[in-house]
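Trainee: Please show me how to read the main features of this model. I would like the general idea each time, and then the case in hand.

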Amino acid sequence: MSRVETRELECFVAVAEELHFGRAAERLGVAQPLTSRTIARLERRLGVRLFERTSRRVELTAAGRVLLSESRRALDAVDAAVRRTQRAARRRRLVVATRAGTGSGLLAGTLRAYEGLPGAVAVEVVFTPDQVAALRTGAADLALMCGRGELDGLARAELTRESSVALLPPGHRLAGRAALTHADLAGEAAYRDHRPDESLDQIVELVSYGRLIAVVGASAADRIGDSVAAVPVPDLPDTRVVLAWRDDTPDAARALFVRTATVGYAHRFPAGEGAPALPGCDPPSA
């Protein structure tokens with residue numbers, strides 16, 4: 001079987017999402033007969049029927065549903081490869097994805113140390129709740145993140161570990177405790193058993209209003225002021241803060257940044273070499 005072309009997959013995805021050959025052709029900016037011929041050729045090449053067609057409707061077959069999922073991933077991978085290639089050709093900066101409040105102070109120290117080194121390039125920091133997606137799509141070169149999500153295929157270095165603290169309104173009945181347990185928190189109506197998507201500043205605001213009780217890394221306590229109380233939760237596992245990156249293409253500037261970040265910290269765990277399962281930023285169940 002000859003290799004399927006990306007333009008055929010793009011045509012198939014358009015028809016599969018529109019379930020109408022005319023609308024798909026308009027979306028692609030081509031004539032409808034060309035769209036029909038492309039799908040027919042793709043079906044012959046694969047040896048399967050992708051659509052059930054009648055005079056009134058178009059529906060995906062079981063094989064078509066599988067190809068739609070795979071095609072989206074394949075086209076995303078092609079787009080990511082193009083972005084990474086273009087960025088490598090004009091390498092003048094690194095993009096680091098992170099979430100506001102992750103490893104407070106850690107990134108700032110790494111940036112200061114890195115920027116003074118020979119071979120360093122400009123670094124842009126972007127804030128996103130989905131750092132893994134930023135890496136996989138090529139939108140970022142590195143991600144500073146808590147060890148969470150699907151890290152398969154990514155290299156990562158553990159930079160530090162943080163104990164957990166609960167953020168509570170100052171007047172809350174638990175705020176004066178020296179320490180809390182996960183069971184103490186689980187009984188509170190405002191407690192969320194996962195870290196909210198909001199930034200740390202927004203989380204602090206919600207806690208101060210009495211609308212939220214949340215668990216964050218202990219370093220966040222340096223940034224919260226006196227509007228909320230931070231109480232240790234020692235029976236929750238430490239959060240591991242990691243630097244992650246795609247290791248499938250060499251990049252001298254990225255490697256220098258990684259070496260700078262890992263000096264004085266824990267060992268590097270390359271993908272596929274028995275890296276431990278990392279607990280997430282979300283407070284785990286006790």
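**Salt bridges and strands**

Mentor: By the rule used here (a Lys or Arg side-chain nitrogen within 4 Å of an Asp or Glu carboxyl oxygen), the count comes to 16 salt bridges. The model is predicted, so local features need pLDDT of at least 70 and side-chain atom pairs pLDDT 80 or more, while totals for chains, interfaces and linings use all residues. Residues are numbered from 1 along each chain as its sequence is written, and side-chain values use heavy atoms, without hydrogens or water.

Trainee: Which residue forms a salt bridge with Arg72?

Mentor: Glu17 does, and the closest N and O atoms of this pair are 3.0 Å apart. The pair links distant parts of the chain, 55 residues apart: Arg72 belongs to helix H4 (residues 62–89) and Glu17 to helix H1 (residues 6–18). Helices (H or I, at least four residues) and strands (E, at least two) are DSSP runs, numbered from the N terminus.

Trainee: What is the order of the strands in the open sheet of three?

Mentor: Two strands pair if DSSP finds at least two bridges between them. Here the order is E8-E7-E9, with antiparallel pairing. Strand E8 (214–217) and strand E9 (229–232) are the edge strands, each pairing on one side only. From one strand to the next, the twist averages 40°.

Trainee: How many bridges join strand E7 to E9?

Mentor: Four bridges join E9 to strand E7 (residues 164–168), and the two strands run antiparallel. To find your place in the pairing, look at Ala166, which stands opposite Val231 in E9.

Trainee: Which helix lies across E7 and E8?

Mentor: Helix H8 (residues 200–208) lies across both strands, running at about 50° to E7. Angles run from 0 to 180 degrees between N-to-C directions of axes fitted to C-alpha atoms, for helices over the stretch in contact (heavy atoms within 4.5 Å).
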